[in-house]
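Please read the following points with the model open.

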Amino acid sequence: MKVQLVNPHNNSNMYAAPKFFRHASKISNNLNFNATGALFPPLNLATLAALTPAEHEVAIDDGCLGPVTADRSADLVAITAMTAQAPAAYSLADQYRARGIPVVLGGIHPSMCPEEAGQHADAVVLGEADRLWPDLIQDFAHGKMKSRYHDPEPVDLAQIASPRRDLLDPNGYVIFKNMFDFELVVF
C-alpha cells in the first residue's frame with residue numbers, strides 16, 4: 001500500500017525560510033541559510049512515516065517547499081492542517097477523494113473542528129496520532145477504517161518514534177540536523 005503524507009502550502013507561513021532570514025543574521029555556521037523551504041521540516045509527518053509498518057510505501061509532500069497538488073498516486077492520503085492551512089487542506093482532500101483516494105485529516109484544525117473536517121475526509125484524527133496511526137493503517141488495510149480516531153491520553157515524548165528524515169529534502173530546511181548539534185555565533 002502507498003501512503004501519501006501531506007503538509008499543505010500556506011502563503012502566510014511565518015516559518016518560511018526567506019521570511020525567517022529577515023529576522024536572522026549570522027546565527028550559526030551549521031544552519032542551512034540557502035534553504036528555500038522553511039525553518040523546520042514537518043517532523044509530525046516524518047514521525048507518522050516512522051510509525052507506518054515497513055511493508056507500506058510512504059512519501060511526504062511538504063507545502064513549505066512549494067505548492068502541493070493532488071495528482072500523486074496513493075492508496076491513502078493523510079493531510080495535516082493548522083487553521084491557516086484548512087482551506088488548502090480541504091481543497092486537496094476533496095480533490096483526492098474525487099479521484100477515489102481515501103483521505104485522513106489531522107492536526108490542530110481538524111482536532112478542534114472535527115465535524116467540519118469530516119465533511120472533507122474519510123477519517124479525522126483528534127489530537128496526537130502517535131499511538132493511533134499504526135491501528136489506523138491496519139484498519140484501512142483491512143477495510144475497517146473508522147471515521148474518527150482519538151487518543152485522550154497525553155503522548156510521552158520519551159516514547160516518540162524517530163522521524164523518517166530520509167523522506168525529507170535536506171536542502172529545503174534551515175534546521176535539518178539535530179537542533180542541538182550546532183554552534184551559536186555570538187555577535
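1. M82, I108 and M112 make a nonpolar surface patch of about 330 Å². Patch residues have over 30% relative accessible area and no salt bridge, with nonpolar side chains (Val, Leu, Ile, Met, Phe, Trp, Tyr) joined within 5 Å and like charges within 9 Å. Areas come from the Shrake-Rupley method with a 1.4 Å probe, and for residues only the protein chains shown count as cover. M82 sits in the loop between strand 3 (76-80) and helix 3 (86-98); helices (H or I, at least four residues) and strands (E, at least two) are DSSP runs numbered from the N terminus. M82 is partly exposed at 46% relative accessible area (buried is under 20%, exposed over 50%, partly exposed in between).

2. This is a predicted model: local features need pLDDT of at least 70, side-chain atom pairs count only at pLDDT 80 or more, and totals for chains, interfaces and linings use all residues. Residues are numbered from 1 along each chain as its sequence is written, and side-chain values use heavy atoms, without hydrogens and water.

3. There are five salt bridges in the structure (a Lys or Arg side-chain nitrogen within 4 Å of an Asp or Glu carboxyl oxygen). One of them joins D61 and R72 at 3.1 Å, N to O. D61 belongs to strand 2 (residues 57-62) and R72 to the loop between strand 2 and strand 3, eleven residues apart. D61 is buried at 10% relative accessible area, while R72 is partly exposed at 40%.

4. E115 and R148 meet in another salt bridge, at 3.3 Å, N to O. E115 lies in helix 5 (residues 114-118) and R148 in strand 6 (residues 148-150), so the pair ties together parts 33 residues apart in sequence.

Notes. Buried < 20%, exposed > 50% of the residue type's maximum accessible area, 1.4 Å probe, protein only.
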